[in-house]
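Open the model in your viewer and keep the selection tool at hand. This tour goes from one selection to the next and says what is there.

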Amino acid sequence: MRTFFGIYCTIFFLLSGSIFAGDDGKPVFPIREKGFFVECHTVKTADSRRAVITYRLQNSVLLFTKENDVYTASFSIQAQVVDTLDKVLATEIVDRKITVKDYDAAKSDASTQGIVRVTYSGLHPRVSVTLTDNSTNREVWHRDIPIDTGAMLFNVVVEGFRDTSYTLCTLQNYGGAIPFSDKPSDVIVSVPPTKNDSLKLTIRGRDTSFTFISGIKKAASYLIDTLQNAIVVKAQSDSAVNSFIFKNISQKLLPGRYIMSTGDDTLHGTQPFVVSWIDMPKSLQYQESAYNLLELVDSLYTDSPVFDRYSKKEIISIYKFWEKYDPTPSTAFNEKMYSFYRRADYAIDNFSSIKGGDGASMGRGEIFIKFGTPSSVERTVTKGGKMAEIWRYTQLKKVFYFVDYTGAGNYELVNAL
C-alpha cells in the first residue's frame with residue numbers, strides 16, 4: 001500500500017537548493033538546506049561598511065574522525081566581498097574545530113554557530129561564502145549572497161522576547177527564514193527615523209494577507225554578536241535609526257514564500273522572505289506518502305471535504321485536513337500533525353523489513369504511528385518457533401500481539417485486545 005519509502009532516505013540527502021519552489025505563499029514541499037544556514041547583515045560607518053555573516057552548521061554535514069575517546073571535525077568558512085566585476089574587495093577566513101563525545105552526536109543536527117566579519121568599501125557588493133570540511137579538504141557549500149542595501153536598514157528574525165526591554169535577544173539564524181514551529185518568532189525591523197510611535201507590517205502570500213502592528217518604538221540600532229554558541233542581537237542608542245519589534249510573526253504563517261512591506265511601501269520598500277519548516281518530518285516531505293498515511297488517522301480520509309476544495313497534489317491539502325485535529329487552532333503550527341509524522345519517521349527507520357517494505361506500512365509501524373510508544377514490550381517465541389512481540393498500552397487499555405512469520409523483521413499484527 002505504501003511502498004514509497006524504499007528510496008526516500010537516498011533522495012532526501014541528495015536534494016539541496018532553494019528552500020521552496022512555487023508561487024508566493026503557496027505552501028509546497030520545502031527542500032531543506034542541508035544543515036548549513038547563512039545570513040548576511042550590514043553595518044554602516046562614516047567611511048566603510050562591515051558585512052556580518054552569521055552561520056549555523058549542523059554536525060551531520062561534517063566528517064568526524066575518532067581521536068582517543070572523542071570524535072573531532074574541523075572546518076573553515078571563507079567570506080569574500082566582491083563587486084559586480086568580480087573584483088575582490090575584502091576577504092576573511094575563520095577556522096574552527098568541533099569535538100563531541102560519541103558517534104551519535106557526530107551525526108546529529110546539533111549546531112555550531114558563529115560570525116565572520118568583513119570590512120569593505122565599494123559599489124554594489126555581494127558576499128561569496130564557502131564552507132570547507134578540513135577533514136576531507138572538500139568544498140561542502142558555496143553561494144553568493146547579495147548585500148542588502150534596501151530601505152529596511154535592519155531586518156532580523158529572533159526568538160520570542162522574554163521581557164519588554166528589547167535590549168538583547170537571540171537570532172534564529174536560519175538563513176533569514178522564519179522557522180515554522182510551536183515556538184514564537186519575532187521580527188525586528190529598523191527604518192529611517194519616523195514620527196510614528198508604531199509601524200505597520202504587511203505580509204502577503206499568494207492567497208493570504210496579514211497585518212501586524214509593532215510594539216514600542218526604540219531609537220536604537222542593533223548589533224550582532226556571539227554568546228555561548230548563540231548569535232545575539234543587541235540594541236544600542238542611535239537617533240538616526242528607529243527600530244520596531246513585531247511579536248509572534250510565526251504564529252500565523254504556513255511554510256511558503258511571502259512579501260513583507262512596512263509602513264508606506266514607497267517609503268520603506270518591500271522585501272521577500274520565506275517561512276521554513278526546518279525540522280519538517282521526512283515522511284511529510286513527499287506528497288503521496290504524507291497523503292497515504294492519513295488512513296491511519298481516519299479510514300474515510302479519501303472522502304474528506306478538504307480534498308474537494310484543495311488538490312490532493314498540493315501540500316496545503318494535508319495542512320487543511322489536519323485542522324480539525326489541531327489542539328491549538330489559533331496558531332498555524334499543528335502539534336498533533338507534527339507528532340504523527342515524527343512517529344511515521346521513527347516507524348520507517350525502526351520497523352522496516354530486511355526483505356523490503358517500509359516500516360510505516362507494517363504491523364508494528366502502523367500501531368506505533370497511531371498510538372505512540374507502548375507502555376511495555378514483551379519479546380517471546382511462539383509454539384512454532386517464530387519471534388513475537390506483545391505491546392501493551394496501559395492508559396489506553398490496549399494490547400497488540402505481533403508475529404514475525406518470515407524471520408525478516410516483518411512483524412504482522414495477529415491480535416488486538
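Predicted model: local features only at pLDDT ≥ 70, side-chain atom pairs only at ≥ 80, totals over all residues.

Select residues 315-322, which make up helix α6. How many of its residues are buried? The count is 7 of 8, and the helix is mostly covered. Among the buried ones are Ile 315, Ser 317, Tyr 319 and Trp 322.

**Stop three: aromatic pairs.** The structure holds 26 aromatic pairs. Select Phe 36 and Trp 141, an edge-to-face pair with 5.0 Å from centre to centre and 80° between the planes. Phe 36 lies in strand β1 (residues 36-44) and Trp 141 in strand β8 (residues 138-146), so the pair links parts of the chain that are 105 residues apart. Phe 36 counts as buried because its relative accessibility is 1%, under the 20% cut-off. Trp 141, at 14%, is buried as well.

Next, select Tyr 393 and Phe 400. This pair is also edge-to-face, with 5.9 Å between centres and 85° between the planes. Tyr 393 has 4% relative accessibility and counts as buried; Phe 400 is buried with 6%.

**Stop four: a charge and a ring.** Finally, select Arg 56 and Tyr 174. What sits over the ring of Tyr 174? The charged end of Arg 56 does, 4.3 Å from the ring centre.

Notes:
Residues numbered from 1 in each chain as written. Heavy atoms only, no water. Buried < 20%, exposed > 50% of the residue type's maximum accessible area, 1.4 Å probe, protein only. Helix = DSSP H or I, 4+ residues; strand = E, 2+ residues; numbered from the N terminus. Phe/Tyr/Trp six-rings, centres within 6.5 Å; stacked < 30°, edge-to-face > 60°. Lys NZ or Arg CZ within 6 Å of the ring centre and 35° of its normal.
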